[in-house]
Amino acid sequence: MEITIIGLGYVGLVNAVYLASLGHQIFGYDTNKNKVSLLKQGVATIEEPNLQELLSSSQKNLRFTTNHKDAIRQATTIFICVDTPQSEDGSVNLANFYTVLDTIAGDAIQDQTIIIRSTVPVGTNKIAKNYLENKSSCKFEIISFPEFLSQGCAVDNLIHPYRLIFGVTSQNGIRISKEIAQAFLLKKTQVMVTSPENAELIKYASNGFLAMKVSYINNIAQLCEKVGADIEKVAKGMSLDPRIGDSFLKAGIGYGGSCFPKDTNGLYWIANDNSIPMELIRSTIQINESQVAFFLNKIFKRFRSLNGLDVAILGVGFKGDTEDVRNSQATPIVKALLEKNANIIVYDPLAMDNFHALFSRHSHIKYVDYAFDAIKGADLVLILNDCKEFKDLKASDFVSFMKKPIIFDGRNLYKISDMDGTEYHSIGRPSTNKIS
Ligand code: UGA
């Protein structure tokens, strides 16, 4: 197939490279000149396992441009992959999305199929058709095709998807969806063709449900600490029931990133707009916000003052092994520690540059190249994401390198029984003995 992809952020670029690797002809368009220039040179602009390799080996099937006319005029199939961020009131900001529709309407010289991969509120696909056709003499087939990629395993998610969901309104839409499903698949998977409203809501309801699981287990973790239970054991016992399963039951300092916070707020807003109270989602959001304060309170209770203490931060990406710091729990945590005049030493194998950009005016933050350089001489260590590299650290590393081995683990990376010799605090589990 020949496909134009509009928006070469996370979703657009991974889709472009993956489809090119399967032999499809991909024309990628983005307004960001720097990004397009790097992609033209064969440099992946995001860190994602296998992405660079696939980009390098699929060059002959990839073209990139900042010229929308080139990308759109001749296109028959267009994927819209621009971001739909959260507005201040929690609603979904569709400004980028409508800019793309305006561009398509202005440039199209033939009928086109528009595949919407961006996460958009229920009803948007229908609105998009009228919007385009009112502004253009061409006809548009609109197909909702929400994406379900997780950062850090996005290429693998495309190779082995759990499901492909298409929202269509016509027989022609059904035919094209099957063609697209064929274009995507190396392996057999569940393909569901349904209405655009269903497809749009499946995306929000899925992210809302997963976020709800995380907040639920975090709420139970808070209770564990009061009643002397261990959240890791509780979650394990729960997961033995296959109806519950073991995914998204890892307690910690809460969810972040560019999806869950935005989509839970978006879902709450959409429900509210339709006069449906969605208290479960409201609580999910509130519990998530309280989880950072819950973690910080442990630290503030332990240290009467943080003034002048060296605090090593391991992990500033919103989860481990990503460069993305959007809505990372590390941001409010570091801000709170700076307010207490702590000296911050940050290490993250991928996310440090982006974090540095957020905190560029703060001279009390030092960035180091190795985990050991962060913990060396530190008064306390905070672990804020589940980066693979941190899981390999041993109690003896903290004991040998730190002033006193005091650890606050916001992601429960270690077994308590492995942390002998340290003062180890985690989430929803008993702390080990205080070191005086
Ligand atoms: C999420 C969904 O998992 C994808 O299916 C979806 O396509 C994507 O959003 C999207 O809408 O584009 P992602 O944001 O990459 O993917 O990250 P997740 O792995 O889902 O993690 C989200 C947050 O929840 C992270 O901060 C993570 O640390 C946290 N989390 C996750 C937990 O605290 N506990 C868990 O058990 C699982």
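Mentor: Before the rings come up: rings of Phe, Tyr and Trp (its six-membered ring) pair if their centres lie within 6.5 Å, and planes under 30 degrees apart count as stacked, over 60 as edge-to-face and the rest as tilted.

Trainee: What kind of model is this, and how are residues numbered?

Mentor: It is a predicted model, where local features need pLDDT of at least 70, side-chain atom pairs count only at pLDDT 80 or more, and totals for chains, interfaces and linings use all residues. Residues are numbered from 1 along each chain as its sequence is written, and side-chain values use heavy atoms, with hydrogens and water left out.

Trainee: Which residues form one aromatic cluster?

Mentor: Tyr 18, Phe 79, Phe 145, Phe 166 and Phe 184 do. Phe 145 also has Arg 117 over its face, 3.7 Å from the ring centre. A charge counts as over a ring if NZ of Lys or CZ of Arg is within 6 Å of the ring centre and within 35 degrees of the ring normal.

Trainee: Where does Arg 63 lie?

Mentor: Over the face of Phe 27, at 3.9 Å from the ring centre.

Trainee: How many aromatic pairs in the whole structure?

Mentor: The search finds 14. One of them is Tyr 347 with Phe 390, an edge-to-face pair at 6.2 Å centre to centre and 65° between the planes. That pair links distant parts of the chain, 43 residues apart: Tyr 347 is in strand S10 (residues 343–347) and Phe 390 in helix H16 (residues 388–391). Helices (H or I, at least four residues) and strands (E, at least two) are DSSP runs, numbered from the N terminus.

Trainee: Is Tyr 347 buried or exposed?

Mentor: Tyr 347 counts as buried because its relative accessibility is 6%. Phe 390 is buried too, at 0% relative accessible area. Buried means under 20%, exposed over 50%, partly exposed in between (1.4 Å probe, protein chains only).

Trainee: Switching to the ligand. How many residues surround the ligand?

Mentor: 20, and the closest are Glu 147, Phe 148, Gln 151, Lys 203 and Asn 207. To be near, a residue needs one of its heavy atoms within 4 Å. The shell divides into 9 nonpolar, 5 polar and 6 charged residues. For those classes, Ala, Val, Leu, Ile, Met, Phe, Trp, Tyr, Cys and Pro count as nonpolar, Asp, Glu, Lys and Arg as charged, and the others, Gly among them, as polar.

Trainee: Which helix gives the largest share of the shell?

Mentor: H9, with 3 residues. Helix H9 (196–227) and helix H11 (260–273) each supply at least two.

Trainee: What lies 2.8 Å from an oxygen atom of the ligand?

Mentor: An N or O atom in the side chain of Glu 147. The side chain of Asn 207 has an N or O atom 2.7 Å from a ligand oxygen, and a backbone N or O atom of Gln 151 is 2.7 Å from a ligand oxygen. The protein covers 90% of the 710 Å² of accessible area that the ligand has on its own, by the Shrake-Rupley method with a 1.4 Å probe.

Trainee: Backbone next. What is phi of Ser 275?

Mentor: Near 60°, a positive value in a residue other than glycine. Most residues other than glycine have a negative phi. Ser 275 is in the loop between H11 and helix H12 (279–302), and counts as exposed at 63% relative accessibility.

Trainee: And where does Asp 321 lie?

Mentor: In the loop between strand S9 (310–314) and helix H13 (330–339). Asp 321 has a positive phi of about 60° and is partly exposed, at 26% relative accessible area.

How values were computed:
Polar contact = N/O pair within 3.5 Å; in protein donor to acceptor, adjacent residues only side chain to side chain.
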